[in-house]
Amino acid sequence: MAPLAAEQREPRVLSVQSHVAHGYVGNKSAVFPLQLLGFEVDAVNSVQFCCHTGYPTWRGQVLGGDDLWGLATGLDANGLLQGYSHVLTGYIGSATFLRKIVDLVTLVKQRSPSSVYVCDPVLGDHGKLYVPAELVEIYKRDVVPLATLLTPNQFELELLTDSSIKNESDAVNAINKLHRRGVEQVCVTSLDYVPNRIVMLLSLKGTVYVLELPRLRGRYTGTGDLTAALLLAWLSRHPLEPALALEKVGATLSAVLRRTLRERSARTIDGKDVPPEIALVRSKRHIEDPPRTAPGGDYALVARCRRDRLQGVVFVDVDVDARNECGAPAWLRKRGELVVGGVGGSTSRAFHCSDGSVADFCERRGLAPETVLAVVGSEEGAAQARQAGCFVCALLPGEPVTGTTEEGGYLNGHRPLRVARGLSWFAEGDDDDVPPVPEAPAWASSSDVCASSLAGLDRYLNCE
């Protein structure tokens, strides 16, 4: 997700979703996390119910398409549509309302050309439709081409692409169909083909990241709405490091569900089993600072990059020792499986560095350049690695973390880069007690991938 234009430095989201008086689904599940993460949110409630429809009794009001358009034109008349950095949509229950969503998003993009449309196509799950069948074709024809980021679950991905998904390759093939329709980013929020795991898959037109989360027992509502909101926030905050954004989303989601499982239980109301409401407010700290470990384990969550296995790592103009990160990353502990070295101005006590070039490193070690990850710390190093034909990763500046516990640590052992360029509000403000770190260099965006920590290289080196 690209950094915002200068006129959109204050992030403002127009969120059109359902609302409930009790519980957490729709806007009730999305607005609070977005506000915690620095976003102003203007919420339009597509429905207003006493509770979600999983309860035996639910009552309330439904907003019509004309009502939505009235709100939109009112905002436009006051010049407010020009201020939105994002539009987020979730559950839509009727064809007329969904068509007005298309009109609304089109109008916002006219008023704010740099705005991002995040679409959670809530259609159903586990083979069951939640909405009228006619909405599927409207999503396919009219909504999908407008979306910057699409966040379907497995069933919704199958519906939108007329696919059957049995494995990771099937999922990637289906996602590519969406890319060909113009969607820049697709995150499949839950894939069910791995036993005892929930798989998340983020694709950015050629680069695919896979994150596996432990599957917790129980049934929950509002998690898809929460996931879409977190993806919006973290992909905006880390535009050069989408893998880190995915890891943070997965970490927060796991933490919220673990707390819910620990503190709340399902109920039986009038003979109907009702799942517990997610412990969203109680999870405030984990929304702001995603926990370091996955539930039930002591390992850091790593979003694996889907690509051929790499055989070597060469650092170019990187002072590895100066990074001063907590603990050795997995790829360095398993360096017997990799050829590791440094060239140019690189220094490290962990492996040999020389004054040669990237091409010299590949030739001396007998490695094909395309099987080598070149971790670069300068524009000249990046150009040299690209010319040699390596897979280039820009190592972004970041602030080392001194704590190592789950309570005080940060994901993958390193406080990630807070990008000032385009998202300066995250590094500003009187209440920010963390000194800002240097912004990402301009040349980094032309690299194949970026990482703000040495541990982040695990994503590309198949160290699980």
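Trainee: Okay, Val 314: buried or exposed?
Mentor: Buried, because its relative accessibility is 0% and the cut-off for buried is under 20%. Keep in mind that this is a predicted model.

Trainee: Which strand is Val 314 in?
Mentor: Val 314 belongs to β15, which covers residues 312-316.

Trainee: And what does Val 314 touch?
Mentor: Leaving out residues up to four places away in sequence, its contacts include Gly 341, Gly 342, Val 343, Val 358 and Phe 361, plus the run Val 372, Leu 373, Ala 374 and Val 375. As for Ser 346, 32 residues apart from Val 314 along the chain, the two C-alpha atoms are separated by 9.3 Å.

Trainee: Switching topic: what's the strand order in the open sheet of 10 strands?
Mentor: The order reads β3-β2-β1-β4-β5-β8-β9-β10-β11-β14, and the pairing is mixed.

Trainee: How do β4 and β5 run, parallel or antiparallel?
Mentor: Parallel, with 4 bridges joining β4 (residues 86-89) to β5 (residues 116-119). Leu 88, for instance, has Val 118 in β5 as its bridge partner.

Trainee: Which strands does helix α8 lie across?
Mentor: Helix α8, residues 242-263, lies across β9, β10 and β11, and runs at about 15 degrees to β11.

Trainee: Zooming out, how many helices and strands are there?
Mentor: The chain has 12 helices and 21 strands, and 55% of its 464 residues count as buried.

Notes
Residues numbered from 1 in each chain as written. Predicted model: local features only at pLDDT ≥ 70, side-chain atom pairs only at ≥ 80, totals over all residues. Heavy atoms only, no water. Helix = DSSP H or I, 4+ residues; strand = E, 2+ residues; numbered from the N terminus. Buried < 20%, exposed > 50% of the residue type's maximum accessible area, 1.4 Å probe, protein only. Pairing = 2+ DSSP bridges. Contact = heavy atoms within 4.5 Å. Axes fitted to C-alpha atoms, helices over the stretch in contact; angles between N-to-C directions.
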